[in-house]
Amino acid sequence: MNAAAWICLLLPLGGALAITLGGERLSRRGAGYVSTLTTMGAFAAAIVAFVSMLGRSGDARGASTTSWTWLEAGTYHFGLTLLTDQLSIVMMLIVAGVGSLIVAYSVGYMEGESEERRYFAYMSLFVFSMLLLVQGGNLLLLLSGWGMVGLSSYLLIGFYQDRASAIAAAKKAFVMNAFGDATMALALFLLIQHTGHLDYAGAFAGAPHGGTIANLIALGLLGGALAKSAQLPLHTWLPDAMEGPTPVSALIHAATMVTAGVYLIVRTHPLFEFAPKVADLAAGLGAATLLMAGFIALVQTDIKRVIAYSTMSQIGYMFVGASIGAYPEGMFHLMTHAFFKALLFLSAGLVIHALTGEQDIRKMGGLGKLMPHTRWVFLIGCLALVGVPPFAGFFSKDAIIAATLQHGAFGYVLFGCCLVGAFLTGLYTFRCFFIVFRGEPSAFVKEHLHLHHGKEGPLSMVWTVSVLATLSVVGGLLQFGPLWHPLTDWLGPVAEPVAEASNWQEAIASIAAVLLGLAGAWVAYELYSAKSMCVPKPVALFEKKFYWDELYDTIFTRPAALAATMLGRFVEQPVIGGSLTMITRDVRVGAGGVGRAQNGLVRSYILALIAGVSILAVVFLATR
Amino acid sequence: MHGPDIRYYIAIAGMLFVIGALGVLVRRSPLIILLSVEIMLNGANLALIAFARHVGHEDGQVFAIAVMAIAASEVVIGLGLIVAMGRRNIELDVDKLRTLRG
């Protein structure tokens, strides 16, 4: 089984290296196939690992292998350790499974781009980094994977490198994530100082229970999770990240990387349990994010940005679940979200592909008649996102909402936020759906629709979307709180849930959430259906995304720019530049004076030489 | 020990050296300067051989031979330069060659 884990980790890396070293020898399409096959191989290896894990009893399922001591510092040893336990295998299956579908989709989507090899090398690198993140057996390896997914995300957001906005978005994402990486590294320093361990078991056993240190450690980890998962207040990079190609948005900014924060909280849940206030903070931030992102999604006009804000909103749900101790529910929503959000992005990709790159929903409309297949899969994604039974989102989201009721008074606040969020989800999701697909085709669509040989997309794009649609329909049946809960049992030995909703709480939450979601959809139908093809009046607060970008601009960017200008004017130019100017000027003046002695007459040099020697001779003779 | 005392040798060697040095200083023709340098070297050679004899050791003579070899090569280079200057119709006057002044 451990061999399978290693193969799972290393195959994508091998794919990335093969594409990079192969260069021109590999055709563009060949690069796509190499990337797809290695990712699928990783998925197969993950399945093998999973099956062999099934054969063992609960506590013996986790296994770690160390290949060599990776880093040694004094008494600290950090091995290159892979940990395959119940939690990481779930993540491995999601990452490699959804990843291979999306990479296969990219073969069709990216066809005709000029730099497909670079794209697929980056994609493989990303899958490797993400697997390293989830398989790392200690926090240091997790941090390395954490940094590397940030890097590959940066590279892929900035894939269209001739587009200035893409480069700016890539930089923004990288800086935000680097901030999170830094706080996480600080938390790890504290852990090393106080426990001496960074492997999970050792760190959890030695970590202080309560107190400032425990709070600081949890805060540092939370900072990393917030940045990676685009939660308040470090969320501003995710909408801009939609500058990348659509499959990248699906893989990195919806299905896998942005959910790493949730994985981190579940993985290090004892550290959060030792610091309950920080856990509450995380839940509160998650709830705030899910509301705020829902409001902003209402007024976005870019189809990918609508989905991006909905991603932030859904990760907010996961944060709420993971932070109040409903770990299996959080992971469950992570999984179903990976399915239906990837589906939404990829079917949006079909639309964008067919409209040759247009992403503005105001220009779309009536696409349902022209692209019936896409309409159906998009509708499935929407229903799963809104949480209509029996689609996937119903089972996972409602479980989280129900679990909030177990969290005391604060839990009721979260419960309320989650329900409002459910209404907003229905509203913005179906707003997007109705605007894009209902009614008669708009003039823009008639003019620009460009079907692929009469089909809605290349084969590789259509079948992957269909698989994801199937998963979005049936994926939720994996767990249904009151009746069967294999995921909770499966994750039990690693992350024992703290909050488990009772049956009547499940019932209340489910009914309320479903009704509110449907109400949102109905409002959307009334407002945006074919009867009134109006596009909403923008609300300034939402349109400006709650002024977060402006806030950061005022707090950080402008003062930094001002300080830099001031330092340049009052420190650099007078002190550094001035001193250099003075030194050169003095040297030049001195050299001019000395240079006069250099008159070019050989005889004067010789005279000086002889005079010098004579004087020396006289001195020697006199002092003998 | 036969012959004059070491002091005479040293005196003659010193005189030769000073004559050569004055020649280098006051003459302007490179050819003469080269000759004067040879006289200086010969003065030094005389001193070396005198001391070798005085001390009763051959080292000084070996040095003298080395100095002769160097003097010969120096003359080759110097004369080569002078011939080159002549070919280019450059006036043979060291005071005119002042391009390297500061």
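**View 1. Pro497(A) sits in the loop between helix 22 (486-491) and helix 23 of chain A.** Helices here are DSSP runs of H or I with at least four residues, numbered from the N terminus. The model is predicted: local features need pLDDT of at least 70, side-chain atom pairs count only at pLDDT 80 or more, and totals for chains, interfaces and linings use all residues. Residues are numbered from 1 along each chain as its sequence is written, while chains are lettered from A and ligands numbered from 1 in the order in which they are written. Pro497(A) is buried, with 21 other C-beta atoms within 10 Å. A residue counts as buried if 20 or more other C-beta atoms, placed from the backbone, lie within 10 Å of its own. Leaving out residues up to four places away in sequence, Pro497(A) touches Gly325(A), Ala326(A), Tyr327(A), Pro328(A) and Thr488(A). Contact means C-beta atoms, placed from the backbone, within 7 Å. Pro328(A) is 169 residues away along the chain, yet its C-alpha atom is 6.8 Å from that of Pro497(A).

**View 2. Helix 23 of chain A packs its buried residues against helix 17 (372-386), helix 18 (392-404) and helix 19 (408-437) of chain A.** Those buried residues include Glu506(A), Ala513(A), Gly517(A), Ala521(A) and Tyr528(A). Helix 23 covers residues 503-528. At 1.5 Å a residue, its 26 residues should span 38 Å, and the end C-alpha atoms are 37 Å apart, which agrees. The expected span is 1.5 Å times one less than the number of residues.

**View 3. Helix 4 (residues 116-135) of chain A has end C-alpha atoms 28 Å apart.**

**View 4. Helix 2 (residues 28-54) and helix 3 (residues 86-109) of chain A pack at an angle of about 160°.** Their axes are 8 Å apart. Axes are lines fitted to C-alpha atoms over the stretch in contact, and angles run from 0 to 180 degrees between N-to-C directions. Helix 2 and helix 3 of chain A are therefore roughly antiparallel, a term for angles over 145 degrees. Among the residues that meet are Gly32(A), Phe43(A) and Met53(A) from helix 2 of chain A, and Ile89(A), Ala96(A) and Val107(A) from helix 3 of chain A.

**View 5. Chain A meets chain B through 12 residues of chain A and 10 residues of chain B.** Helix 26 (residues 602-623) of chain A gives the largest share of the chain A side, 5 residues.

Note on methods
Helices (H or I, at least four residues) and strands (E, at least two) are DSSP runs, numbered from the N terminus. A residue is buried if 20 or more other C-beta atoms lie within 10 Å of its own, exposed if 12 or fewer, and partly exposed in between; C-beta atoms are placed from the backbone. Two residues are in contact if their C-beta atoms, placed from the backbone, lie within 7 Å. Angles under 35 degrees count as roughly parallel, over 145 as roughly antiparallel, 65 to 115 as roughly perpendicular and the rest as oblique.
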